[in-house]
Amino acid sequence: TKGDRVQDRFLHEVGGKGLFIKELEVALQEGEADLAVHSLKDMPAKIPQPFVLGAVLPRHSHKDVLIAGGDFKEAIGKLTEASAADIANLGPMKIATASLRRTNLLKKHTPQVECIGIRGNVDTRIAKLHQEGYGGLILAHASMERLEINSETYCTLAPDWFVPSPAQGALAIECKEDHPVRKVLQAMDDPVTHKAVGIERQLLADLGGDCTMPFGCFARLVEEQWHCDAVVLAYDGAAARTSVKAPKDATIESLSESLQKQLKEDGLDEVLAKIASGAPDLQGDFEAKS
């Protein structure tokens with residue numbers, strides 16, 4: 001897809017996460033493909049008709065990881081799940097990421113970190129980490145699991161401060177709503193994961209968010225109760241954050257409403273006003289900007 005081919009700009013500069021799915025949906029619409037498999041965090045919050053998520057598979061790790069580079073391998077190798085204080089204690093360092101969420105979480109909690117823009121597939125990013133001598137690279141833990149990458153030194157980032165992207169770690173299978181394969185896909189669906197990511201994506205949609213919004217949300221079922229965390233960040237480091245709990249039978253819509261109410265009490269409107277002013281030029285290390 002174009003989203004894979006364009007490697008010299010951030011996603012929010014060239015059309016957003018939809019770049020990864022538009023061409024696949026054309027193939028579905030024209031009958032060239034029966035289904036498409038996506039990393040659900042890369043899909044827009046709203047699925048256009050006539051497409052549906054036929055199945056959401058059991059979630060892999062929802063966490064982010066910090067892969068060590070340069071002089072930080074030993075220190076990062078001693079960490080298992082790093083807190084913000086753990087990262088701050090590493091001292092000044094350059095961390096590569098192409099995510100506005102990750103950039104602004106780092107800006108808020110670890111201001112001594114310098115964020116460097118990076119694009120490409122996982123292997124390309126890891127190679128560039130070592131070639132350029134950056135202190136670290138942030139990726140989704142699920143990508144490390146799926147690609148069975150075991151040769152790198154890394155630690156996970158504790159989700160209590162580094163809130164994951166909506167649907168991070170979940171794979172979804174998309175098809176046309178009237179396609180016969182939908183019945184097959186229903187048997188593959190994991191209802192708990194499907195509802196969890198539904199909560200996260202509903203909140204993003206209700207906030208009017210897309211890939212230009214630095215936003216994290218994570219929902220999980222704990223002993224018959226939903227635990228949901230959410231954070232919305234402005235580009236200057238300001239943030240609105242909340243956590244809510246609700247019974248297992250609470251609806252996706254009611255949970256999103258509860259999260260929105262709590263976020264508003266924590267300054268959501270001010271943060272959204274700052275976001276509306278436009279995404280910053282992150283000045284990545286892309287050749288097009290060198």
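These legends go with close-up views of a predicted model.

View 1. Start with the largest nonpolar core, a group of 28 residues. Within this core, Leu203, Phe215, Cys228, Val232 and Leu259 touch the most other members.

**View 2. Zooming in on Cys228.** Which residues is Cys228 in contact with, once we skip its neighbours within four places in sequence? The list reads Ile199, Phe218, Ala219, Arg220, Thr242, Ser243, Val244, Leu255 and Leu259. Leu259 also turned up in View 1, as one of the core residues that touch the most other members.

**View 3. Gln168, tucked into a loop.** Gln168 sits in the loop between strand S8 (154-157) and strand S9 (171-176). Is Gln168 buried or exposed? Its relative accessible area is 0%, so Gln168 counts as buried. Leaving out neighbours within four places in sequence, Gln168 is in contact with Lys41, Arg59, Ser61, His62, Lys63, Asp64, Arg101, Arg102 and Ala140.

**View 4. Two cysteines, Cys115 and Cys175.** Cys115 is partly exposed because its relative accessible area is 22%, while Cys175 is buried, at 0%. How many disulfides does a search of the whole structure find? The count is 0.

Notes:
Residues are numbered from 1 along each chain as its sequence is written. This is a predicted model: local features need pLDDT of at least 70, side-chain atom pairs count only at pLDDT 80 or more; totals for chains, interfaces and linings use all residues. Side-chain values use heavy atoms; hydrogens and water are left out. A nonpolar core is a set of buried Ala, Val, Leu, Ile, Met, Phe, Trp, Tyr and Cys residues joined through side-chain atoms within 4.5 Å. Buried means under 20% relative accessible area, exposed over 50%, partly exposed in between (1.4 Å probe, protein chains only). Contact means heavy atoms within 4.5 Å. Helices (H or I, at least four residues) and strands (E, at least two) are DSSP runs, numbered from the N terminus. A disulfide is a pair of cysteine sulfur atoms within 2.5 Å.
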